[in-house]
Amino acid sequence: MQSLIGTGVALVTPFKKDFSVDIEALQRIVNFSIDGGVEYLVVMGTTAENATLTADEKELVIKTVIDVNKGRLPLVLGVGGNNTMQIVEELKTRDFSAFEAILSVSPYYNKPTQEGIYQHFKAIAEASPVPVILYNVPGRTSSNMLPSTVVRLANDFKNVVAIKEAAGDMAQAMQIIKNAPKDFLVISGDDMLALPIVLAGGAGVISVIGQGFPKEFSEMIRLGLNKKAFDAFKTHYFLSDSIDMIFEQGNPAGIKQIFQALGIAENTVRLPLVSVDDSLATRLNDFVKNSIK
């Protein structure tokens, strides 16, 4: 799918200081990302703190992004979890007309076997009216979706079109690139490995830092896709400190501090997450200040 090549950003849900959803800030973030040149937007991924949003708040965020986007960029909706039947029910009842695909995380906490992961995504693929992007993030799910399982799903279901691979394992990503069907997309879910994965044959990234520095990050990925590695790595090394910092005390606390430094949104997160401490806030603020030209 050409629409999923390049930089997608996993949008945060901005909150006011009273912890209510900040719709005006969300509008600014969407426009900032679009104006910065990213290729698509991911709504209700885990970076959106969707685990702490009510059902009504989730619908408000989804509607806001659709309305602000106005069809300018493809949209991907996060639809995943560890209750397969519940996900299948949502896939059968939700209106996906505004969305290009869904992003579905491998089941967390349950720690299923590889066969369990396969059967979970088989049920999703058979129920989904839109293409499916698998999401492997062992650091959060406590189980690793092995390349053999990914390739099996890609071969068995034509609507399983991509994986957001966030195992932090370059060799694993390369194994999927090597063995998956030719048109299957390997999308980095790790900002630090995004460029290396692209240069190895990956399709791009679903990024966190990309919404803070959309112009720089999306141009880096485009350079990588065009095999201009030397120029791309200049940007990679420029942004690398900020990538480390935004994940130092948890996601999305770090990226929200960048948004505060940019004057786009507050740095508020909901419990059990807390905002970054003063030391990290100062370092992130300094990075933003020094990066603005």
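Two strands are taken to pair if DSSP finds at least two bridges between them. On this basis, the predicted model contains 8 strands that close into a barrel, with parallel pairing and the order S1-S2-S3-S4-S5-S6-S7-S8. From one strand to the next, the twist averages 25°. Strand S7, residues 185-188, runs parallel to strand S8, residues 204-207, and is joined to S8 by 2 bridges. Ile187 stands opposite Gly204 in S8. Helix H9, spanning residues 214-225, lies across S8 and strand S1 (6-10), and runs at about 145° to S1.

The largest pocket has a computed volume of about 920 Å³. Its lining comprises 35 residues, of which Thr46, Asn50, Ala51, Gly80 and Tyr108 are the closest to the centre. At least two lining residues each are supplied by helices H2 (55-69), H3 (84-93) and H5 (138-141) and by strands S3 (75-78) and S4 (101-105). The greatest contribution to this lining comes from H2, with 4 residues. Classified by residue type, the lining of the largest pocket consists of 15 nonpolar, 14 polar and 6 charged residues.

For the second largest pocket, the volume is about 350 Å³. This pocket is lined by 21 residues, and Tyr135, Val137, Arg140, Gly189 and Phe247 lie nearest its centre. Two or more residues of the lining are given by each of H5, S8 and helix H10 (229-248). H10 gives the most, with 3 residues. By class, 9 nonpolar, 7 polar and 5 charged residues form the lining of the second largest pocket.

Methods:
Residues are numbered from 1 along each chain as its sequence is written. This is a predicted model: local features need pLDDT of at least 70, side-chain atom pairs count only at pLDDT 80 or more; totals for chains, interfaces and linings use all residues. Side-chain values use heavy atoms; hydrogens and water are left out. Axes are lines fitted to C-alpha atoms, for helices over the stretch in contact, and angles run from 0 to 180 degrees between N-to-C directions. Contact means heavy atoms within 4.5 Å. On a 1 Å grid over the protein atoms alone, a cavity is a set of points where a 1.4 Å probe fits but cannot get out, and a pocket is an open set with protein on both sides within 12 Å along at least five of seven lines; lining residues have an atom within 4 Å of a point. Grid points are joined across faces, edges and corners, and a volume is the space filled by probe spheres set on the points. Ala, Val, Leu, Ile, Met, Phe, Trp, Tyr, Cys and Pro count as nonpolar, Asp, Glu, Lys and Arg as charged, and the others, Gly among them, as polar.
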